[in-house]
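Me: I've got a structure open and want a quick tour. Can you take my questions as they come?

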Amino acid sequence: MSALPEPYLPMYTDADPYPLIVLEGTSGIGKSTLARRLAERLDATTLHTLSTPHVEWTSSVNDRLRSLPQFAFYLSGVLHTSDRIRQARAHGPVVADRYVSSVIACHAAVHRVPVGAVTELLRPFRPYLTVPTRTYYLRCSTAALRRRLAIKTDVNKDDTDLLTVPDRLPRLLDNFARVAEDDVTAVWLDTDDQSPEQLADQIAADLERTLA
């Protein structure tokens, strides 16, 4: 990153930061609820990818932009989230509801392109993106996930598409598995028959071992 002009460098550094915990997985898997529990337990800041202002533009972007401009929009969103994470980590732990892995897995699933192709598009920007302490990939049985999506209250078009677009859900699940294979920060968490409190206990214990 030192070869980039000054305006393109991160405003904040990663020197001796507090932990960054990322929760990944499909919509409806329980990331938002778990993020709140973890934030309370760790006295952490919570962030969502995408954050403001990008979250306000997603519907229009998804409807109007072709695949590559759409990827550029989500890339700019995750770069902006990384800036916000760096700023927040200077003061305490951060729990992120989605991050880089979601950008790759979701874009690849929606546009039916290989995960590797999206990973390569993102590669030049990796040095800008702050690296998580741990990325917890949440999973459950497909039947349980479908039940959770069916009763989800804050439903958007992406959620609906998971249940109605042929192969969208299995493709997305496979994409997350492929992304996690190459993620050195990855830890899988099975959420079947686990409460948010139990999952938070598991994450806290894992973080204690990791940071010891």
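Me: Start with the second largest pocket. How many residues line it, and which lie nearest its centre?
Reply: This is a predicted model. In it, 21 residues line the second largest pocket. Val100, Ser101, Arg126, Asp182 and Asp183 lie nearest the centre.

Me: What volume does that second largest pocket have?
Reply: About 380 Å³.

Me: Which element gives the largest share of its lining?
Reply: Helix 4, with three residues. Strand 1, helix 4, helix 5 (115–122), strand 4 (134–139) and helix 8 each supply at least two.

Me: And by class? How many nonpolar, polar and charged residues are in that lining?
Reply: The second largest pocket has 11 nonpolar, five polar and five charged residues in its lining.

Me: Now the largest pocket. How much space lies in it?
Reply: About 1,400 Å³. Its lining takes in 47 residues, and the closest to the centre are Ser27, Arg98, Asn156, Asp158 and Asp159.

Me: How does the lining of the largest pocket divide by class?
Reply: Into 16 nonpolar, 18 polar and 13 charged residues.

Me: Confidence next. Where is it lowest, and where highest?
Reply: Lowest in helix 6 (residues 142–151), at a mean pLDDT of 83. Highest in strand 1 (residues 20–24), at 98. The protein chain averages 92, and 99% of the residues score at least 70.

Me: Switching to rings. How many aromatic pairs does a search of the whole structure find?
Reply: Two. In one, phenylalanine 73 and tyrosine 74 sit edge-to-face, 5.1 Å centre to centre with 80° between the planes. Both of these residues are buried.

Me: And tyrosine 137 with tryptophan 188: why is that pair tilted?
Reply: The planes of tyrosine 137 and tryptophan 188 are at 40°, so the pair counts as tilted. Their ring centres are 5.3 Å apart.

Me: Where in the chain are those two?
Reply: Tyrosine 137 is in strand 4 and tryptophan 188 is in strand 5 (residues 186–190).

Me: Is tyrosine 137 buried or exposed?
Reply: Buried, because its relative accessible area is 1%, under the 20% cut-off. Tryptophan 188 is at 32%, so that residue counts as partly exposed.

Me: What lies over the face of tyrosine 128?
Reply: Arginine 86, at 5.9 Å from the ring centre.

Me: What about phi at aspartate 43?
Reply: Phi there is positive, about 55°, although aspartate 43 is not a glycine. This aspartate is in the loop between helix 1 and strand 2. Its relative accessibility is 68%, so aspartate 43 counts as exposed.

Me: And aspartate 193, where is that?
Reply: In the loop between strand 5 and helix 9. Aspartate 193 has a positive phi near 60°. At 79% relative accessibility, aspartate 193 counts as exposed.

Notes: Residues numbered from 1 in each chain as written. Predicted model: local features only at pLDDT ≥ 70, side-chain atom pairs only at ≥ 80, totals over all residues. Heavy atoms only, no water. pLDDT = per-residue confidence, 0-100. Helix = DSSP H or I, 4+ residues; strand = E, 2+ residues; numbered from the N terminus. 1 Å grid on protein atoms, 1.4 Å probe; cavity = no way out; pocket = protein on both sides within 12 Å on 5 of 7 lines; lining within 4 Å. Points joined across faces, edges and corners; volume = space filled by probe spheres on them. Nonpolar A, V, L, I, M, F, W, Y, C, P; charged D, E, K, R; others polar. Phe/Tyr/Trp six-rings, centres within 6.5 Å; stacked < 30°, edge-to-face > 60°. Buried < 20%, exposed > 50% of the residue type's maximum accessible area, 1.4 Å probe, protein only. Lys NZ or Arg CZ within 6 Å of the ring centre and 35° of its normal.
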